[in-house]
Amino acid sequence: MRKMETLLLLSPELSVEERETILTTLTGVIEREKGAMLAVDPWGMRDLAYPVRKQMRGYYVRLEYAAPSQLVAELERIIRITDGVFKFITVRLADDAAGPAPHSEPSEPSKEVM
């Protein structure tokens, strides 16, 4: 299974209960399709850079999960037919995201002669 992340932009007109219903549905799809939820990270209401469906604000939520590849297609299908979801993007996360980042050795400062 691969680690995936889906970022959702929800309508600002949705109530808290409607947002929770959407998130419950999506996490249920992930678990039904043999995936595992790792994190649900609500970013909250944010201003948008440009109007989306005539709205200048939106509610962002990040879903992180481990999933087989066929789950992503089913999840995105469900997202497309769900009312209240303006936009979404799904990306594959690096498997060793928690590993140390490579770095180079510091070089000696150059001595400038004027």
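Arg62 sits in strand 3 (residues 55-67); strands are DSSP runs of E with at least two residues, numbered from the N terminus. Arg62 is buried, with a relative accessible area of 14% (buried means under 20%, with a 1.4 Å probe and protein chains only). The model is predicted: local features need pLDDT of at least 70, side-chain atom pairs count only at pLDDT 80 or more, and totals for chains, interfaces and linings use all residues. Residues are numbered from 1 along each chain as its sequence is written, and side-chain values use heavy atoms, without hydrogens and water.

| Side chain | Partner side chain | Distance |
|---|---|---|
| Arg62 | Glu5 | 2.8 Å |
| Arg62 | Glu64 | 2.8 Å |

Neighbours within four places in sequence aside, Arg62 is in contact (heavy atoms within 4.5 Å) with Glu5, Thr6, Leu7, Ala39, Val40, Asp41 and Trp43.

Now the helices. Helix 1 (residues 16-32) packs with helix 2 (residues 69-81) at an angle of about 155°, and their axes are 10 Å apart. Helix 1 is therefore roughly antiparallel to helix 2 (angles over 145 degrees count as such). Their crossing is right-handed.

Helix 1 brings Thr25, Leu26, Val29, Ile30 and Arg32 to meet Leu71, Glu74, Leu75, Ile78 and Ile79 of helix 2. By class, this contact of helix 1 with helix 2 has 7 nonpolar, 1 polar and 2 charged residues.

Terms used:
Axes fitted to C-alpha atoms, helices over the stretch in contact; angles between N-to-C directions. Helix = DSSP H or I, 4+ residues; strand = E, 2+ residues; numbered from the N terminus. Parallel < 35°, antiparallel > 145°, perpendicular 65-115°, else oblique. Left-handed = near helix turned anticlockwise from the far one by under 90°. Nonpolar A, V, L, I, M, F, W, Y, C, P; charged D, E, K, R; others polar. Buried < 20%, exposed > 50% of the residue type's maximum accessible area, 1.4 Å probe, protein only. Polar contact = N/O pair within 3.5 Å; in protein donor to acceptor, adjacent residues only side chain to side chain.
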